[in-house]
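Please keep the sequence and the structure open while reading.

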Amino acid sequence: MAQQQQATTASEALPLIERLLQFALQRGFMEELDVYAARNALLDLFRFTEPGEAGAPEERLESAAELLEPLLDYGYAIGLIPDNTTTYRDLLDARIMGLLMPRPSELNASFRRTAREEGLKAATDAFYRLNIDSNYIRMDRIRKNQYWLHETPFGKLEITINLSKPEKDPKEIAMLKALPQAHYPKCLLCAENVGYAGRPDHPARQNLRVLPLTLQGEPWFFQYSPYVYYNEHSIIFKGAHEPMAISHKSFARLLDFVEQFPHYFIGSNADLPIVGGSILSHDHFQGGRHVFPMETAPTGQAFADPGLPGVRFGIVDWPMSVVRVNGTSKADVHKAACRLLDEWRGYSDESAEVLAFTEQADGTRTPHNTITPIARLRDNGEYEIDLVLRNNRTSEEHPDGIFHPHRHLHHIKKENIGLIEVMGLAVLPGRLKDELEQIAAYLTGEQPASEAELRESSHPLHKHSEWLLSLVGRYGASCSPEQAMAIVQAETGGKFLEVLKDAGVYKRTEDGIAAFERFLTSIGLQRA
């Protein structure tokens, strides 16, 4: 439930409209000639017939949020939304900002003009800034996310606790269950979301803008994620609503993209359940301007393909199983990646628990092997693709996935290990903020550790009981608050490293590395 504010009056709302118009003008949403139409649209929305007598004070605001919050209060007061919940306030927020946004075609023309005259980086900088200024990217919420680094033998892992997505209250959850099934837009990634008014079970997108792209001769679109997990977190999605698929064409699209956006990386979640991402119904990639820990990890054993002398292969020194492919020839790098995918799809090695298929009773085969790919264009002109080998088999011992976080880690991370985690950035659930603070209190002695109480299923920290008791056993219960939190964060980072090791098909052991090399040599690659 949104926090109850003192009611905004009509006399207070009118100046806020003028200030919001000034903000939009300063940030390039519109030109002077557009102000009249935008003002009238806002007046109509808030049921005014004329503007206030006082204009806007001369100011430069950092964000629109401080203007929007009281306007949302006023909107609720006059009945523009039925409840003062975060969900309904967000619907109205996007509706307000949508009245100030440039038309999609105008935005696209502006982007292309900036790219042509000032360079592509300047164009993406401006587009990213507009997404923040329009409150589509909710930086006020994203700043609440917790973030720290964790040192490991593989480099520094990034750990975040995601606090930016507001939780729905029980009243909203009950209401959503009662809503009829809707079929438009088909999913959150479809281009039809642009300008969509939203509903309680689907976010409003009047302030969403996307850029058209052509990848492999097909229409695709580029947008930023509303809940950015890293700098310029982008989503590149297919124009057609088609399921996720990792194929030769996927790799060609990735290489096309980095050629067009050389300052961005791009990658894809895998296309199978368990090892795939959260949206498998619409083919898409994720990109951005961020250096992930995996990118800086060196390669160990090098390999070569006699048929592709200009391409280098290497096993990345990383807890997951990654083959790095480099070369100056786009066609050769693409050919190398395709070959690895084709070979991996059908490869089995029972000694490493890798089975490509499960035979069903009716004779059909369920595939298990796939790849999470990440592409970059290096400053030296080399194309680079990291190919992360994935397998989604389950077993009686590991019903959630053999190469998935094992059960003893679920108190920290149970969700799928997708593209972002693969590259070394943990996106941990928001519940952990309070839970880790409570665990730290046990290490300071503020909260006595009663094993019997912790093992009760009703205890709020029951899922952490084994871990918590081991922490108290190792570190005692007289740490300072700062020491306690540092310990808890470091141990959480250690858990994420275990998560990545579990998700790795070939373990970082002598046998595991030998099995990894066995796969590469079996397909004709030679140790360099």
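Lys330 is partly exposed, with 24% of relative accessible area. The model is a predicted one, and Lys330 pairs in it with Glu259 in a salt bridge whose closest N and O atoms are 2.8 Å apart. This bridge links distant parts of the chain, since Lys330 sits in helix α11 (residues 330-345) and Glu259 in helix α9 (residues 248-260), 71 residues apart.

**Salt bridges**

- Side chains of opposite charge can pair when their charged atoms come close.
- Over the whole structure, the search finds 41 salt bridges.
- One of them joins the side chains of Asp125 and Arg289, with an N to O distance of 3.0 Å.
- Asp125 belongs to helix α6 (residues 120-133), while Arg289 is in the loop between β7 (284-288) and α10 (293-296), so this bridge ties together parts that lie 164 residues apart in sequence.
- Asp125 has a relative accessible area of 36% and is therefore partly exposed, because that class runs between 20% and 50%.
- Arg289 is also partly exposed, at 28% relative accessibility.
- Lys463 and Glu435 form a further salt bridge, in which the closest N and O atoms are 3.3 Å apart.
- Here the loop between α14 (451-454) and α15 (465-475) supplies Lys463 and helix α13 (residues 431-444) supplies Glu435, so the pair ties together parts 28 residues apart in sequence.
- Lys463 or Glu435: which is buried and which is partly exposed? Lys463 is partly exposed, with a relative accessible area of 42%, whereas Glu435 has 9% relative accessibility and counts as buried because this is under 20%.
- Shared partners join several salt bridges into one network, made up of Glu218, Lys238, Glu242, Lys249, Arg253 and Asp283.

**Packing of α3 with α4**

- Helix α3 (residues 65-77) packs with helix α4 (residues 86-98) at an angle of about 115°, and their axes are 10 Å apart.
- The two helices, α3 and α4, are therefore roughly perpendicular to each other.
- Their crossing, that of α3 and α4, is right-handed.
- On the α3 side, the contact is made by Leu68, Glu69, Leu71, Leu72, Asp73 and Gly75. On the α4 side, it is made by Arg89, Leu92, Asp93, Ile96 and Met97.
- By class, the residues in the contact of α3 with α4 are six nonpolar, one polar and four charged.

**Packing of α15 with α16**

- How are α15 and helix α16 (residues 481-503) set against each other? They pack at an angle of about 125°, with 12 Å between their axes.
- The crossing of α15 past α16 is right-handed.
- From α15, Trp467, Leu471, Arg474 and Tyr475 take part in the contact. From α16, the residues are Ile487, Val488, Glu491, Thr492 and Lys495.
- The contact of α15 with α16 holds five nonpolar, one polar and three charged residues.

Methods:
Residues are numbered from 1 along each chain as its sequence is written. This is a predicted model: local features need pLDDT of at least 70, side-chain atom pairs count only at pLDDT 80 or more; totals for chains, interfaces and linings use all residues. Side-chain values use heavy atoms; hydrogens and water are left out. A salt bridge is a side-chain nitrogen of Lys or Arg within 4 Å of a carboxyl oxygen of Asp or Glu. Helices (H or I, at least four residues) and strands (E, at least two) are DSSP runs, numbered from the N terminus. Buried means under 20% relative accessible area, exposed over 50%, partly exposed in between (1.4 Å probe, protein chains only). Axes are lines fitted to C-alpha atoms, for helices over the stretch in contact, and angles run from 0 to 180 degrees between N-to-C directions. Angles under 35 degrees count as roughly parallel, over 145 as roughly antiparallel, 65 to 115 as roughly perpendicular and the rest as oblique. A crossing is left-handed if the near helix is turned anticlockwise from the far one by less than a right angle, and right-handed if clockwise. Contact means heavy atoms within 4.5 Å. Ala, Val, Leu, Ile, Met, Phe, Trp, Tyr, Cys and Pro count as nonpolar, Asp, Glu, Lys and Arg as charged, and the others, Gly among them, as polar.
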